[in-house]
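Here's a friendly walk through one protein model, with the sequence and 3D view to hand. Have a look at them first, then read on.

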Amino acid sequence: MKAASYSAKRVPVHRGKAAWKELLPYRAPNAPLDTDLSADFVVVGGGFAGLAACRRLIELEPQSKVVLLEAGEIGAAASGRNSGFMIDLPHELTSENYAGEETSKDRDLIELNRQAIQFADAAVEEYGIDPNFFDPAGKINGAATEKSKNANLSYADHLRSLNESYECLDQQQMKDITGSDYYISGLYTPGTVMLQPAGFVCGLADGLSRHLKLYENSPVVEMTQDGSGWCVKTARGSVKTERIIMACNGHLESFGFKRGRLMHVFLFAAMTRELTVDEVRSLGGRSRWGITPSDPMGTTVRRIDTGHGGNRIALRNCAEFRPNMQASQRKMAHAQEVLQRKFDDRFPNLAGIQMEFSWAGQLCLSQNSVSVTGEIEQGIFAACCQNGLGTTRGTLTGIAAAELACGQSSVISDYFARDEEPKRLPPRPFSTWGANTYLRWKEFQAREE
């Protein structure tokens, strides 16, 4: 029988600088892999899923040899390009108000999300990560229209049925928090952690480096069956191993897995230059807060302070479906214009302030909102397809993949074992045209949010 082999058809391509990483003091990346090694486990991908998998492997098999291969630099890929919310509550991006379809499933997911947050919190303590990078401050669903206000009220009803805490905020309370008159109401929930995501993952990677070998700028180009195990190859080195954990989210498809079943979407973001003392005074409000839009296709807004990397405001909006996993320059330019306009609408007294950073962040979703977690080939385990919830869901899938690779199980791995297969997408170009048309329509509906 011919030995199985999987070659990478592409490597990650990122548009714009990862602002969260740029705000940190310089961190020298680990050297690329340039030799031939052997290990008990190879983890491919150094984001939330890959780092969670590494930490769980070390917990379960502390004497094992673990090699972590990151295609770029820690914190510079998707893990440093998100909005930095680690959310405990239901956050279904395809719904009208984030609520799931089944109350019992939402209860299960809340419990799992909180386990992920506890897992991350323990890492902050264990590795001495700056607590500013992991702030359990909660978040606000902001509403700018009556329609979105009603969506918040509907979500509040759902949270009440789950016996979850929340607080409804009126327009004056929203202004007291944000300094902006833009929002007519808000729904505060206390369980979300606001991350400096690059700071968190860099701290976690550096802490884990005491227990494993981490190689950066080492994209995997091929995985070939080698007897009962695998040989994982990079451009300049290789690792022989019995077990591989693929924690590369949508780039799982680059290796030939789940072809035609994963949706590759980019969201675009921008962050202001550091605000001056006078601008901070003019803005008012609190120095640190986070708003997700009541309509999932609206605009996410965060204000950060010096603990996160300076007094700045970040926004995220605009979506693009790209099967080739590269955001287009045209959409990037359009998104910059949209985000500047949305900033000016919310903060007219700061209108025109320069955006120092603009970037695209890659998401991987499935049509039926399931992840790809478990053994996908003998000795190869996946922790992928986070459905836009990379900080929490990535942590959970990483934990689950590590447990399964060690022959262990828990409520986390059992939960993902019940997932269906991702649904097959319509053939191209229909899937591309249909997805982008749908995204543009949903963005138009949420244009004021």
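## A cavity lined by helices

Let's start inside: helix H3 gives the most to the lining of the second largest cavity, with three residues. Helices here (H or I, at least four residues) and strands (E, at least two) are DSSP runs, numbered from the N terminus. This is a predicted model, so local features need pLDDT of at least 70 and side-chain atom pairs count only at pLDDT 80 or more, while totals for chains, interfaces and linings use all residues. Residues are numbered from 1 along each chain as its sequence is written, and side-chain values use heavy atoms, with hydrogens and water left out.

What lines this second largest cavity? Phe48, Ala52, Phe119, Ala120, Ala123, Phe200, Leu204 and Thr395 do. Helix H2 (48-60), helix H3 (103-127) and helix H6 (197-208) are the elements that give two or more residues to that lining. By class, the lining has seven nonpolar residues, one polar and no charged ones. For these classes, Ala, Val, Leu, Ile, Met, Phe, Trp, Tyr, Cys and Pro count as nonpolar, Asp, Glu, Lys and Arg as charged, and the others, Gly among them, as polar. The second largest cavity has a volume of about 50 Å³.

## The other cavity, and a pocket

On a 1 Å grid over the protein atoms alone, a cavity is a set of points where a 1.4 Å probe fits but cannot get out, and a pocket is an open set with protein on both sides within 12 Å along at least five of seven lines; lining residues have an atom within 4 Å of a point. Grid points are joined across faces, edges and corners, and a volume is the space filled by probe spheres set on the points. Among the residues lining the largest cavity are Trp20, Arg81, Thr300, Arg316 and Trp359. Strand E16 (300-304) and strand E17 each supply at least two residues of this lining, which has six nonpolar, three polar and three charged residues.

How big is the second largest pocket? Its volume is about 480 Å³. Of the 25 residues that line this pocket, Cys318, Lys331, His334, Arg440 and Glu443 are the closest to its centre. Strand E17 (312-321), helix H8 (329-346) and helix H11 (430-445) each give two or more residues to the lining, and H8 has the largest share, with eight. The lining residues divide into nine nonpolar, four polar and 12 charged.

## Between E17 and H8

Ser328 sits in the loop between E17 and H8. Is Ser328 buried or exposed? Ser328 counts as buried because its relative accessibility is 13%; buried means under 20% relative accessible area, exposed over 50%, and partly exposed in between (1.4 Å probe, protein chains only). Not counting residues up to four places away in sequence, Ser328 touches Glu320 and Arg322. Contact means heavy atoms within 4.5 Å.

Leaving aside neighbours within four places in sequence, Phe134 is in contact with residues including Met86, Ile117, Met194 and Phe200.

## Strands that pair

Three strands form an open sheet in the order E4-E9-E5, with antiparallel pairing. Strands pair if DSSP finds at least two bridges between them. The edge strands, E4 (85-86) and E5 (134-135), each pair on one side only. Two bridges join E4 to E9 (residues 193-195), and in E9 the bridge partner of Phe85 is Met194.

Elsewhere, strand E1 (residues 5-7) and strand E11 (residues 222-226) pair in the antiparallel sense over three bridges, with Ser7 opposite Glu222. Five bridges join E11 to the antiparallel strand E12 (residues 229-233), where Trp230 stands opposite Gln225. E11 and E12 form a hairpin with two residues between them, and Gly227 in the turn has a positive phi of about 65°.
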